Structure formats: C-alpha cells, structure tokens
Amino acid sequence: NVFVHGRSFFIAWLDTFDDTVTTGEWYQASMAVTPGDSAAAAAPPIDWLPESPASELDGTFELSSTQAVRLSDGTKVELPGHAPSSGWQIPAAGSLDAAVSHSGGNSAKIVNTSGDCTLFQHELPLSQYPPGTRLRLRAWVRGRDIVRGDSDWKAGMAGFSFAMPDGSWQHSPAEYVDGTFDWRELAIDAVVPPEAASARVRLGINGGTGTIWIDDVSLEQLP
C-alpha cells in the first residue's frame with residue numbers, strides 16, 4: 001500500500017491482519033515505484049535475506065549471514081546478535097561471542113540479569129520431523145555465576161518444546177545447570193507428540209540469572 005499525504009510519502013508493508021505472518025519471524029518484501037509517466041521497471045533483487053527460513057539446525061554458530069544491505073548506498077552493515085538466515089531466534093540478552101567457543105570461532109552467549117526466560121530457539125518443521133519422530137539433542141554449554149530462580153527449572157537448560165493444539169506446551173529438557181563450570185555436554189532424547197502443532201529446540205537460561213555460552217548444538221533423528 002503506497003500513498004502520499006501532503007509532503008509525506010508512505011509505504012505500508014503490512015496493512016491488514018494476515019494469518020500467514022508470524023510474530024518474530026523475518027520476511028522479505030519487494031516492490032517497484034516509478035514516479036511520473038515512465039514505464040514501471042522492476043529493481044534488481046536484493047540479496048540480503050534467504051528465500052525461506054533455514055530448516056536445518058546449524059549449531060556451530062559460525063554464522064556468516066549477519067549482514068544486511070544498506071539500501072541508500074548498497075554497502076553491507078553488521079547486525080550483531082542477529083542471524084535471520086540461520087533460523088535461530090536470538091533473545092534480547094543473547095549475542096554471538098567470538099572470544100569464547102567450544103570449537104570454531106563463535107559461540108552463542110546469553111547474559112541474563114533480569115531473571116526472565118532468555119533462550120535461543122530454533123523451529124523444527126513438522127514436515128521434516130512429523131509426530132512420532134525420535135530426536136536426540138546434544139549441546140555443549142559453559143556457565144558463569146548462574147543462579148536459579150524460584151523454581152528448580154529456572155536455570156541453564158537445553159531441550160525440546162512442543163506446542164499442543166489447546167495452547168499448552170510439552171517440554172523435554174536435559175538436566176538443569178547452575179553455578180560456574182567449564183564446557184560440558186547436555187543431551188536429551190524426545191519423541192514428537194502425536195498432537196504436536198509445532199516443535200522447537202530451546203537453549204539458554206530459562207529464568208534465573210547469570211551467563212551461559214552454547215556451542216556445537218546437534219540434532220539427530222533416531223531410528
């Protein structure tokens with residue numbers, strides 16, 4: 001929707017409710033606007049986001065696509081802490097740490113000072129992992145001064161979460177961790193429930209405070 005009001009020029013990317021648009025996801029839109037009597041001409045595509053969100057879980061966090069194109073001059077700019085084409089949803093307290101890693105050059109890092117739920121999350125498409133699929137999640141984590149919240153489960157964690165049709169969630173976490181510790185592996189097996197409406201991997205500090213690093217996350221489909 002494009003319109004002019006006085007000396008202001010407006011482009012509304014979404015001007016209605018749309019069930020196909022999900023909060024928290026990245027989308028790319030394109031359009032061509034030609035003022036005057038000239039024939040409309042489409043602009044070349046902008047290679048700044050993938051055609052679709054990544055479905056494969058890349059748990060190395062060696063994320064190269066943390067850049068976008070500045071439209072005014074065509075230069076690339078860094079987007080620290082955000083990697084839309086990786087498929088990861090990164091919390092406000094999350095970032096990529098190039099100074100600490102279990103392997104490679106980067107790790108995921110969360111500094112939680114609020115006690116809120118701060119988790120790296122990755123959607124698992126049910127078309128690829130349908131109900132009944134057996135999955136194994138492994139992740140290496142490192143902690144510093146992690147203090148649990150008012151429940152035992154409000155701590156460092158890694159696991160699966162499955163949304164049910166009634167709006168409830170089923171969680172399958174590995175062991176909860178707290179305190180200060182060097183790199184250690186967390187692992188959990190789970191089966192996608194028959195009634196699952198969606199599935200995702202979640203890692204971070206699920207309530208509580210402290211700092212956690214995450215690296216070398218792997219997802220395996222079991223027989």
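Start by selecting Phe61, Trp88 and Phe120, which ring pairs link into a cluster. Rings of Phe, Tyr and Trp (its six-membered ring) pair if their centres lie within 6.5 Å; planes under 30 degrees apart count as stacked, over 60 as edge-to-face and the rest as tilted.

Before you go on, some ground rules: this is a predicted model, where local features need pLDDT of at least 70 and side-chain atom pairs count only at pLDDT 80 or more, while totals for chains, interfaces and linings use all residues. Residues are numbered from 1 along each chain as its sequence is written, and side-chain values use heavy atoms, with hydrogens and water left out.

The structure holds five aromatic pairs. One of them is Phe3 with Phe10, a stacked pair at 4.8 Å centre to centre and 15° between the planes. Phe3 is partly exposed at 37% relative accessibility, and Phe10 is partly exposed at 36%. (Buried means under 20% relative accessible area, exposed over 50%, partly exposed in between, with a 1.4 Å probe and protein chains only.) Now jump to Phe160 and Phe162, another stacked pair, with 6.1 Å between centres and 10° between planes. Both Phe160 and Phe162 are buried.

**The sheet**

Switch to cartoon and find the open sheet of five strands, in the order E6-E7-E14-E9-E12, with antiparallel pairing. Its edge strands are E6 (94-97) and E12 (179-191), each pairing on one side only. Neighbouring strands here are turned by 30° against each other on average, direction ignored; axes are lines fitted to C-alpha atoms, for helices over the stretch in contact, and angles run from 0 to 180 degrees between N-to-C directions. Strands (E, at least two residues) and helices (H or I, at least four) are DSSP runs numbered from the N terminus, and two strands pair if DSSP finds at least two bridges between them.

Zoom in on E6 and E7 (residues 107-112): four bridges join these antiparallel strands. Which residue in E7 stands opposite Leu96? Pick Ala108 and you have it.

Next, color by phi if your viewer can. Most residues other than glycine have a negative phi. Asp145, in strand E9 (residues 134-147), has a positive phi of about 55°, and Asp145 is exposed at 53% relative accessible area. Asp216, in strand E14 (residues 209-222), also has a positive phi, near 50°.

**Charges**

There are seven salt bridges, each a side-chain nitrogen of Lys or Arg within 4 Å of a carboxyl oxygen of Asp or Glu. Select Glu123 and Arg200, whose closest N and O atoms are 3.2 Å apart. Glu123 is partly exposed at 27%, whereas Arg200 is buried at 17%.

Asp189 is in E12 and Arg136 in E9, so the pair links parts 53 residues apart in sequence.

Last, select Arg184. Its side chain meets that of Glu175 in a salt bridge (3.0 Å, N to O), and Arg184 also lies over the face of Phe181, at 5.5 Å from the ring centre. The rule for a charge over a ring: NZ of Lys or CZ of Arg is within 6 Å of the ring centre and within 35 degrees of the ring normal. For another example, go to Arg142, whose charged end sits over the ring of Trp213, 5.3 Å from its centre.
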